[in-house]
Amino acid sequence: MKGHRVAWLMVLAACSFGARANAPVEAVGLFKDRAMIRVLGHERYLLVGQTSPEGATLVESDAQHAVVRYKDETYRLTLTDRVGGTFQAPNQAMISIAPDAIGQYRIQGTINGYSTDFLVDTGASLVAISEREAKQIGIAYANSPERAPVVTAQGQANSYIVDLETLTVGGIQTHHVRAAVIPGDYPVEVLLGMSFLHKVKMEQTAGVMVLKQLY
């Protein structure tokens with residue numbers, strides 16, 4: 001295995017690394033052992049070892065780079081600045097979220113500096129946090145004068161409407177995001193609802209959700 005890895009490093013050192021402007025392949029979304037790549041204008045979602053209809057093979061991938069073999073050349077790709085055919089300024093924060101096995105979009109982030117797990121939910125009007133999670137984060141929800149009815153697995157309850165000072169996913173940081181704190185232990189993950197999603201630009205490309213910072 002070590003010799004195999006060394007051999008690949010030697011190949012990469014000798015080949016094109018995809019940084020040149022006319023490279024025929026680009027990385028649009030990068031994830032562990034999978035990636036969305038653009039080959040001659042076609043976007044393909046590949047797992048490591050899979051080959052696109054154009055003949056590009058994903059050799060390895062993580063959140064920082066992908067190695068793609070195409071027409072006897074090997075390219076080491078970082079995330080392209082062009083998504084959906086539109087050039088984006090290099091300093092514009094952008095994240096790509098691949099669907100899980102059941103088609104849901106999950107990502108880690110922070111609320112007021114506290115690390116937590118998010119589930120993207122375009123059907124939720126607000127970010128939704130369980131009472132248990134809110135206590136761990138340190139949100140003073142009990143002092144909120146604003147309440148709103150919600151339906152939970154246990155029936156109808158009154159949620160506490162709060163203002164989150166900061167909410168960050170990937171490199172995207174937003175401020176003053178409205179959220180509902182729901183009594184009990186559910187939802188297990190924080191629901192990333194429209195009170196956050198309205199603050200970013202949201203696209204879907206080949207099944208991958210792309211979020212971009214708005215300025």
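Predicted model: local features only at pLDDT ≥ 70, side-chain atom pairs only at ≥ 80, totals over all residues.
Which residue of β16 does Phe118 stand opposite? That would be Val190.

**Confidence**

The protein has a mean pLDDT of 83, and 83% of its residues reach 70 or more. Among the elements, β16 comes out on top with a mean of 97, while helix α1 (residues 2-14) has the lowest mean, 36. The pLDDT is below 50 over residues 1-21, a stretch that has 23 contacts in the model beyond near neighbours in sequence. Residues 81-90 also have pLDDT below 50, and that stretch has 18 contacts beyond near neighbours in sequence.

Now back to the place where we started. Strand β11 (residues 114-120) pairs with β10 (residues 106-111) in the antiparallel sense, over six bridges. Within that pairing, Arg106 stands opposite Leu119 of β11. β10 and β11 make a hairpin with two residues between them, and Asn112 in the turn has a positive phi of about 50°. β11 is also joined to β16 (residues 190-192), this time by three bridges and with the strands running parallel.

**The β1-β2-β3 sheet**

Another spot worth a look is an open sheet of three strands in the order β1-β2-β3, with antiparallel pairing. β1 (25-31) and β3 (42-47) sit at the edges with a single partner strand each, so one side of each has no neighbour in the sheet. On average, neighbouring strands here are turned by 25° against each other, direction ignored. β2 (residues 34-39) is joined to β3 by six bridges, and Arg34 has Leu47 as its bridge partner in β3.

Here are the strand pairings with their bridge counts:

| Pair | Sense | Bridges |
|---|---|---|
| β2 and β3 | antiparallel | six |
| β10 and β11 | antiparallel | six |
| β11 and β16 | parallel | three |

**Around His65**

Where does His65 sit? Look in the loop between β4 (57-61) and β5 (66-70). Is His65 buried or exposed? With a relative accessible area of 9%, His65 is buried, because buried means under 20%. The His65 side chain makes a polar contact of 3.1 Å with the side chain of Glu60, and another of 3.4 Å with the side chain of Arg76. Leaving aside neighbours within four places in sequence, the residues in contact with His65 are Leu30, Glu60, Arg76 and Leu77.

Conventions
Residues numbered from 1 in each chain as written. Heavy atoms only, no water. Pairing = 2+ DSSP bridges. Helix = DSSP H or I, 4+ residues; strand = E, 2+ residues; numbered from the N terminus. Axes fitted to C-alpha atoms, helices over the stretch in contact; angles between N-to-C directions. Buried < 20%, exposed > 50% of the residue type's maximum accessible area, 1.4 Å probe, protein only. Polar contact = N/O pair within 3.5 Å; in protein donor to acceptor, adjacent residues only side chain to side chain. Contact = heavy atoms within 4.5 Å. pLDDT = per-residue confidence, 0-100.
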